[in-house]
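I opened this entry to look up charged side-chain pairs. My notes follow the structure below.

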Amino acid sequence: MKYVEEFNDPDLARRLLDDIHATATRPWALMEVCGGQTHSIIRHGIDQLLPEKVELIHGPGCPVCVTPLEVIDKALEIASRPEVVFCSFGDMLRVPGTGRDLFRVKGEGGDVRVVYSPLDALELARRNPDRQVVFFAIGFETTAPANAMAVHQARRLGLDNFSLLVSHVRVPPAVEAIMTAPACRVQGFLAAGHVCSVMGMAEYPGLAERFRVPMVVTGFEPLDILEGIRRAVRQLERGEHRVENAYPRAVREEGNPAAVRMIEEVFEVCDRSWRGIGRIPASGWRLSDAFRAYDAEHRFDVAGIRTEEPAECRSGEVLQGLIKPTECAAFGTTCTPRTPLGATMVSSEGACAAYYLYRRMNTPQDGGAAQEVTPVG
């Protein structure tokens, strides 16, 4: 089987690290946009192996984490209704809303089900014509094609008991928001390879030129990430700001045209709020007018729900790269995977979850006693 061990070779990793150490002569700050990359970095201790001059800043690349609180509350309201079968990926069930989460709704009798594809939810709707089946459609550009296909199929099959609660977000506008923020320290980006595998790379050269930052499309294995860092540092040292594809086995310049066409048929660009960050213009998708009948927000009349983020949770600062998770006083104490204050602690791509899993020191463990855990790397 290909691509299981090839990108975990320790000898190649050492050579890439030696190259990065030899190349970096000045302090540089790079942001990895994807939460999957963040987990790989922390799990393998990549940031601890880099020269002190090279800092990795964790960006808002976790789709669960950036789903705003008011959308979670809309999901909880819909899922509580007796006529609804509410379907979601598993990592959304523990994300806290105002006072409860989807697990609590399920425990209180709501029909909440974990599925592995929106097409699974579509099949539930086909088999249960007397129930309203709602799929929680969140994510970046990566998950949008499958969600668009589900709605497209629902209309083709004439299913009027299927709908999506949509909270899709787009990466390029988020990059622009990060770079125009007053406290921004980012000097280069590791762009998310899976996003570019769908959308291609066309939106990135303009951003690289405008903000004069290198952008390297990067994969998720240790060697992928080290190669992305190596290329970004090399550009910075040379005063360059280009888009490079360091993930050619998965990413083509044009992306996946068929997937893009499906997205453009079903969705339209809109402004979108990001949890802990705020509203970013043109940073999301919603169902287009032709498919608005499948919009659960309108079908169940929950568009008016508005909430405020809890002040004690600093996940917004984590998502913007302003602080590391361990700089939050609640990390590992009042905020743990069992008692999360924010989505970054329970999402499988959340930065706080990564630090808790792989790099917590002297934090209270289950049972109350403190236990020292040696970080990986």
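**Salt bridges, notebook**

I looked up E123 and found it partly exposed, at 26% relative accessibility; partly exposed lies between buried (under 20% relative accessible area) and exposed (over 50%), with a 1.4 Å probe and protein chains only. The model is predicted, local features need pLDDT of at least 70, side-chain atom pairs count only at pLDDT 80 or more, and totals for chains, interfaces and linings use all residues. Residues are numbered from 1 along each chain as its sequence is written, and side-chain values use heavy atoms, without hydrogens and water.

I then checked the partner of E123: it is R127, in a salt bridge with the closest N and O atoms 2.8 Å apart. A salt bridge here is a side-chain nitrogen of Lys or Arg within 4 Å of a carboxyl oxygen of Asp or Glu. Both residues lie in helix α7 (residues 118-127), four residues apart, about one turn of the helix; helices (H or I, at least four residues) and strands (E, at least two) are DSSP runs numbered from the N terminus. R127 is exposed, at 61%.

I counted next: the structure holds 26 salt bridges. One of them pairs K324 with E55 at 3.2 Å between the closest N and O atoms. K324 sits in the loop between α15 (315-319) and α16 (351-358) and E55 in strand β2 (residues 54-58), so this pair ties together parts 269 residues apart in sequence. K324 is buried at 19%, while E55 is partly exposed at 26%.

Last, I noted R242 and E240, whose side chains meet in a salt bridge (3.1 Å, N to O). Shared partners join D19, E227, R230, R231, R234, E240, R242 and E244 into one network of salt bridges.
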